[in-house]
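The sequence and the structure come next, and we will then walk through a few places together.

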Amino acid sequence: MDTAAIDRFEAGRGRLASLAYRLLGSAADAEDAVQDAFLRWQAADRERIEVPEAWLTKVVTNLCLDRLRSAQARHERAAGDWLPEPLLEGDPMLGPADTFEQRESVSLAVLLLMERLSPAERAAYVLREAFSYSHAEIAGILDITESASQQHVHRARRHLAAGRRGGEVDPVSARRIVEEFLTAAVSGRTDRLVELLTADATMVSDGAGLARRLLRYTTPERIASYVRAGFKPTPAKRRLAGGSVAIHIALVNGSPAVLAVVDGRVAGVVVFEVVGGKVASLRGVAAANGLMRLDETWRRQKPGAPVIDAW
């Protein structure tokens, strides 16, 4: 393949990866989909492709739809054994992020809500809300009618609206709530933790990557108890983590998050959803395969001082 064709593909790689991440919720799977698209671009009769961007968008979208429809993906996601892969602020895969809708479409809350959609609804919604494609363009990408595209987007919006807990939150206010929550957790004040949680708060954790199924907690009291136990330092936890843990607060998928860092490596992350000045949900990921890209981004950045430097 000539250099010009490679350059043309590489110029759009970031946009294609961002599209695939929104459709799949997994950076690793998104990268695989984009690489598969490159192989198809390499093998294609490119002289017959009138609009390369549109052609590549269609190829990546359909590769992602194939993954979403696969028996294995349906089984894992339906069984509740899946969490979206968290990404650190500054990761190009989180773009575009100019509008509220674009930023919201990569939040862990919305990525999980999109699991309720059919693959076609999810694709139509992402193409419309995050990438501003017209219904005519979406119809061409998904091989459906414009009317069907409109219906898919309408249904997707309705389903997502039913599951949303609130609108955009001020990052400074949200960080302050997380700092208060962390202070209460470390000091063992479970009563304060309960106060900082909404009445219908939920928590989902992969159990530090050791549990077969996701761990779920659905009352403020149970969440507070789990969080207090999790943040209580012990020699056994330090051995499991591989050393002394520094606690940082950062933005992950646009939301405030607590990062556990050991010798510069991100060993775990808890992402917070803040609604109305309280914590509405927590999602914890510590499995190594769910943190690879986040850890790579973290190592490239220059993080500030930890809020707790010797846990």
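The paragraphs below visit a helix pair, some aromatic rings and a few spots along the backbone.

First, a word on the ground rules: this is a predicted model, in which local features need pLDDT of at least 70 and side-chain atom pairs count only at pLDDT 80 or more, while totals for chains, interfaces and linings use all residues. Residues are numbered from 1 along each chain as its sequence is written, and side-chain values use heavy atoms, with hydrogens and water left out.

Let us start with two helices. Helices here are DSSP runs (H or I, at least four residues), as are strands (E, at least two), and both are numbered from the N terminus. Helix α7 covers residues 119-129 and helix α8 covers residues 135-142; the two pack at an angle of about 140°, with axes 10 Å apart. That angle makes α7 oblique to α8; angles under 35 degrees count as roughly parallel, over 145 as roughly antiparallel, 65 to 115 as roughly perpendicular and the rest as oblique. The axes are lines fitted to C-alpha atoms, for helices over the stretch in contact, and the angles run from 0 to 180 degrees between N-to-C directions.

Which residues of α7 and α8 meet? From α7 come Ala-120, Ala-123, Ala-124, Leu-127 and Arg-128, and from α8 come His-135, Ile-138, Ile-141 and Leu-142, where contact means heavy atoms within 4.5 Å. By class, this contact of α7 with α8 has 7 nonpolar, 1 polar and 1 charged residues. Ala, Val, Leu, Ile, Met, Phe, Trp, Tyr, Cys and Pro count as nonpolar, Asp, Glu, Lys and Arg as charged, and the others, Gly among them, as polar.

How enclosed is α7? In α7, 9 of the 11 residues are buried, so the helix is largely enclosed by the rest of the structure. Buried means under 20% relative accessible area, exposed over 50%, and partly exposed in between (1.4 Å probe, protein chains only). Among the buried residues of α7 are Glu-121, Arg-122, Tyr-125 and Val-126.

Now for the aromatic rings. Rings of Phe, Tyr and Trp (its six-membered ring) pair if their centres lie within 6.5 Å; planes under 30 degrees apart count as stacked, over 60 as edge-to-face and the rest as tilted. By this rule the count comes to 4 aromatic pairs. One of them joins Phe-9 and Phe-38 edge-to-face, at 5.0 Å centre to centre and with 65° between the planes. Phe-9 lies in helix α1 (residues 3-24) and Phe-38 in helix α2 (residues 27-43), so this pair ties together parts that are 29 residues apart in sequence. Phe-9 is buried at 0% relative accessibility, and Phe-38 is buried at 12%.

Another pair, Trp-41 with Trp-55, is tilted: the centres are 5.9 Å apart and the planes 50°. Here Trp-41 belongs to helix α2 and Trp-55 to helix α3 (residues 52-69), so the pair ties together parts 14 residues apart in sequence. Trp-41 is buried at 3% relative accessibility, whereas Trp-55 is partly exposed at 26%.

Finally, follow the backbone into the loops. Asp-143, in the loop between α8 and α9 (146-163), has a positive phi of about 55° although it is not a glycine. Asp-143 is exposed, with a relative accessible area of 57%.
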